[in-house]
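Subject: Structure handover

Hello,

Here is the structure I said I would pass on to you.

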Amino acid sequence: MSERATAGPRRPRLRAARHRPRSVASVAEMARDTPEARKAVAKTLEELGVRGVLRRMALDGQIIAVRCEMPQCYCPSGRACFTPKSPPTDWSPTPDHYPRLKSDGGHVTPDNVRLAHRLCNLRDYGWRTRINAMLAKGMSLEEIACN
Ligand SMILES: [Zn+2]
């Protein structure tokens with residue numbers, strides 16, 4: 001008897017069903033910079049509950065795909081998988097203040113924002129503030145890496 005047979009019936013993959021990608025625009029559609037591609041990206045963002053500067057940037061061709069732009073993305077379903085903004089989840093879209101942190105006076109403007117998963121944004125903020133504090137103390141990169 002195989003191991004599978006003793007494990008009982010296979011359970012449905014509920015996590016995948018809850019965390020289904022919301023993208024309505026195909027990757028090929030978004031890769032080309034056409035008015036239709038811009039509208040498709042903006043529509044996808046709207047369906048996720050995103051308004052404001054991120055939607056505006058999509059319409060201006062400054063966001064060409066609905067993808068988490070953080071250096072490290074933690075989403076198990078990938079950078080392009082988002083859940084709606086409301087109710088907020090770890091995988092909801094958020095505007096990340098980059099390169100200037102909000103706490104450093106940065107604003108959510110096209111030159112200082114990138115699309116991020118909520119959790120990826122929070123973790124990156126944590127790392128950035130910790131590292132910035134260590135840099136301000138004069139610590140070397142080696143000291144920071146070992147801290
Ligand atoms: Zn992410």
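The notes below go from the whole chain to single residues.

This is a predicted model, in which local features need pLDDT of at least 70 and side-chain atom pairs count only at pLDDT 80 or more, while totals for chains, interfaces and linings use all residues. Residues are numbered from 1 along each chain as its sequence is written.

The whole chain

The chain has seven helices and two strands. (Helices, H or I with at least four residues, and strands, E with at least two, are DSSP runs numbered from the N terminus.) Read from the N terminus, the order of elements is α-α-α-α-α-β-β-α-α. Of the 147 residues, 23% are buried. A residue counts as buried if 20 or more other C-beta atoms lie within 10 Å of its own, as exposed if 12 or fewer do, and as partly exposed in between; the C-beta atoms are placed from the backbone. Among contacts between residues at least 6 apart in sequence, 51% join residues at least 24 apart. Here a contact means that the C-beta atoms of two residues, placed from the backbone, lie within 7 Å.

The two strands

Strand β1 covers residues 93-97, and four of its five residues are buried. β1 runs antiparallel to strand β2 (residues 113-117), and five bridges join them. Two strands are said to pair if DSSP finds at least two bridges between them. In this pairing, P93 stands opposite H117 in β2.

V41 is part of helix α4, residues 35-47. V41 is buried because 28 other C-beta atoms lie within 10 Å. The C-alpha atoms of V41 and A58 are 6.0 Å apart, although the two residues are 17 residues apart along the chain.

A58 is one of the buried residues of helix α5 (residues 52-59), together with L54 and M57. These residues are on the same side of α5, because they cover an arc of only 100° around the axis. The arc is that of the directions from the helix axis to the C-beta atoms. What covers the buried residues of α5 includes α4, β1 and β2. Just after α5, G61 has a positive phi of about 75°.

Two cis peptide bonds

The bond from S86 to P87 is cis, with omega near -5°, and P87 lies in the loop between α5 and β1. The bond from Y98 to P99 is also cis, with omega near 10°. P99 is in the loop between β1 and β2.

Regards
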